[in-house]
Amino acid sequence: MLKPLGNRVLIKLIENEEKTKSGIILKENNNSPQFAKVVELGEGVDDEGKEVKMLVQKRDKIVVNKYSGTEIKFEGEDYIIINQSDILAIVY
Amino acid sequence: MLKPLGNRVLIKLIENEEKTKSGIILKENNNSPQFAKVVELGEGVDDEGKEVKMLVQKRDKIVVNKYSGTEIKFEGEDYIIINQSDILAIVY
Amino acid sequence: MLKPLGNRVLIKLIENEEKTKSGIILKENNNSPQFAKVVELGEGVDDEGKEVKMLVQKRDKIVVNKYSGTEIKFEGEDYIIINQSDILAIVY
Amino acid sequence: MLKPLGNRVLIKLIENEEKTKSGIILKENNNSPQFAKVVELGEGVDDEGKEVKMLVQKRDKIVVNKYSGTEIKFEGEDYIIINQSDILAIVY
Amino acid sequence: MLKPLGNRVLIKLIENEEKTKSGIILKENNNSPQFAKVVELGEGVDDEGKEVKMLVQKRDKIVVNKYSGTEIKFEGEDYIIINQSDILAIVY
Amino acid sequence: MLKPLGNRVLIKLIENEEKTKSGIILKENNNSPQFAKVVELGEGVDDEGKEVKMLVQKRDKIVVNKYSGTEIKFEGEDYIIINQSDILAIVY
Amino acid sequence: MLKPLGNRVLIKLIENEEKTKSGIILKENNNSPQFAKVVELGEGVDDEGKEVKMLVQKRDKIVVNKYSGTEIKFEGEDYIIINQSDILAIVY
């Protein structure tokens, strides 16, 4: 599996179908933020070595800016590695 | 519901009608700041992990720069997620 | 009324007429700073949450750079919300 | 009078005539620094609220970069408000 | 051999063949991150002399942004010297 | 005389003739650094008011980047006011 | 001789011939880093006066980014003055 480094977070976008079932509807606007699930967390250290409190947990459903982070295919699955600072909100 | 991350604030713009009733009239200028209501607050940590004092509270009526933040539709409602630093003033 | 957030200051520009009576004459140059009165003060915290000493007081007559800050019409009056750092000097 | 804010300094340019009498001759180059007299000093706090040691005193004759700061006409006199960091040297 | 300075890391890209055997398939996208092996580590000091915790170890298999760092040929082998902050994740 | 402010240094360029006598030959390249003599030193405070250790002394022969600092003519002599950080090396 | 200031390092590029003898072959790519020898070290203070640990020693063979630093001819020899942060690795 992939362990994100520093203050990064490995996420998996939630498909639109799933979103509609749970009542969440994304705006059609291309720049709307996206919903995703947290898969793995970095250990909470930023690039300068300072401790950064991780504010999300594994399996949290989150809102991220579209086009944030780096897409990566790993063992057949599509993930995105983002900085925690790209997470706008947690859905609860 | 949505819990904004870090020093972010979830707000809902106040419609023009409501504003006129309470005597507030926005300038016609497109770049005028906007009035909004605070819906949810982050826990007061910035993107580098430093504590940031949250200066607004839920239900505060605030003034924000137009075009600040990220629009998001959630459970049928339009919200904006902004950084606290985009809030110019509290209406009291 | 409006309570500016953080290290912001709510000011009201002083009209040219008033200025002439008190002997102050602005240069015709469009980029000359402007005279204004302090209406309300933020609580002295910058956008990163650090305490910032407020160096002006309500009713101070101040000099601000032209085009600083954000214009806002509130209850029929024109104000400007500026950062304290846009204030060049106090008139005494 | 004007009290500069923060780490700013109110100065008055020294006319060319005066300079020639004291033996100082400015280069003809348009970007040459200028000689000025310190009129008033800020209280030594920078825009982030940190204390800044004021290194000049009232009536000091100083060298400033040309085009530094903001010109202001006040009670019929021309002044410039500069940041202390725009002062290159003290003449002694 | 080469000892990277500061918070740098010497890495060797993993060839595509090897990746396919272990079940990892890179996206065809030219900007996909790349897999690499950590060869040598700096001593964990950033360019300003502050201590930076090294988060990877020799022989770790890592994910790095494509086009990060500086390519160098040394004793017939191709390496890349990157900053630790260019490492996105560790494969485990 | 001129007392440089803060972490600035007043220098006088060394003429090419003198350089050749002491065996130093500047490259013909227009961007080659220049040799100069330290005339006066600031008191070792940077523009934010933090103490900065002065690493050169009066009469040191130094190497400075060409086109660094501000040229000033004072009492008939040509000087340059530079930041200490523009000094590359001391000749000893 | 030249004593580099602050966190600078005086280096001398190693000629290609010498590199080939010791088995090091530079890529033909114009942007490949270069091999050099450390001649003199600054005292380990950065431009803001903070102590910076010097990570190299005199006579170390190092790898530096091409086009880093400032070329200087001194007593007939060609040197480069670089910041320590331009050094990528030590050869050992």
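This is a predicted model: local features need pLDDT of at least 70, side-chain atom pairs count only at pLDDT 80 or more; totals for chains, interfaces and linings use all residues.
**Salt bridges**

- Side chains of opposite charge can pair when their charged atoms come close.
- Over all chains, a search of the whole structure finds 21 salt bridges.
- One of them joins Lys58(E) to Glu40(E), with 3.5 Å between the closest N and O atoms. This pair also links distant parts of the chain, since Lys58(E) is in the loop between strand 3 (34–41) and strand 4 (61–64) of chain E, while Glu40(E) is in strand 3 of chain E, 18 residues apart.
- In chain G, the side chains of Lys58(G) and Glu40(G) form a salt bridge of 3.5 Å, N to O. Here Lys58(G) sits in the loop between strand 3 and strand 4 of chain G, and Glu40(G) in strand 3 of chain G, with the pair 18 residues apart and linking distant parts of the chain.
- Lys58(G) counts as partly exposed at 42% relative accessibility. Glu40(G) counts as buried, because its relative accessibility of 8% is under the 20% limit.

**Charged patches on the surface**

- A negative surface patch consists of Glu48(A), Glu48(B), Glu48(C), Glu48(D), Glu48(E), Glu48(F) and Glu48(G).
- One of these residues, Glu48(D), lies in the loop between strand 3 (34–41) and strand 4 (61–64) of chain D. Its relative accessibility is 43%, so Glu48(D) counts as partly exposed.
- A patch of positive charge on the surface brings together Lys50(A), Lys50(B), Lys50(C), Lys50(D), Lys50(E), Lys50(F) and Lys50(G).
- Among them, Lys50(G) is placed in the loop between strand 3 (34–41) and strand 4 (61–64) of chain G. With 46% relative accessibility, Lys50(G) counts as partly exposed.

**Strand pairing in chain E**

- Strand 2 (residues 8–13) and strand 6 (residues 77–83) of chain E run antiparallel and are joined by 4 bridges. Within this pairing, Arg8(E) has Asn83(E) in strand 6 of chain E as its bridge partner.
- Strand 6 of chain E also runs antiparallel to strand 5 (residues 70–74) of chain E, with 5 bridges between them. Ile72(E) has Tyr79(E), in strand 6 of chain E, as its bridge partner.
- Strands 5 and 6 of chain E form a hairpin with 2 residues between the strands, where Glu75(E) takes a positive phi near 50°.

**Strand pairing in chain B**

- Strand 3 (residues 34–41) of chain B is largely enclosed by the rest of the structure, because 6 of its 8 residues are buried.
- Strand 2 (residues 8–13) of chain B is joined to strand 3 of chain B by 5 bridges, and the two run antiparallel. Leu13(B) has its bridge partner, Ala36(B), in strand 3 of chain B.
- Strand 3 of chain B is joined to strand 4 (residues 61–64) of chain B by 4 bridges, again in an antiparallel arrangement. Gln34(B) has its bridge partner, Val64(B), in strand 4 of chain B.

**Make-up of chain A**

- Chain A contains 1 helix and 7 strands, which follow the pattern β-β-α-β-β-β-β-β along the sequence.
- Of its 92 residues, 52% count as buried.
- Gly69(A) lies in the loop between strand 4 (61–64) and strand 5 (70–74) of chain A. With a relative accessible area of 44%, Gly69(A) is partly exposed.
- Gly69(A) and Arg8(A) are 61 residues apart in sequence, and their C-alpha atoms are 9.2 Å apart in space.

Conventions: Residues are numbered from 1 along each chain as its sequence is written. Chains are lettered from A and ligands numbered from 1 in the order in which they are written. Side-chain values use heavy atoms; hydrogens and water are left out. Patches are made of residues with over 30% relative accessible area and no salt bridge: like charges are joined within 9 Å, nonpolar side chains (Val, Leu, Ile, Met, Phe, Trp, Tyr) within 5 Å. Accessible areas come from the Shrake-Rupley method with a 1.4 Å probe; for residues, only the protein chains shown count as cover. A salt bridge is a side-chain nitrogen of Lys or Arg within 4 Å of a carboxyl oxygen of Asp or Glu. Lys and Arg count as positive and Asp and Glu as negative; His and the chain ends are not counted. The place of a charge is taken as NZ of Lys, CZ of Arg, CG of Asp or CD of Glu. Buried means under 20% relative accessible area, exposed over 50%, partly exposed in between (1.4 Å probe, protein chains only). Two strands pair if DSSP finds at least two bridges between them.
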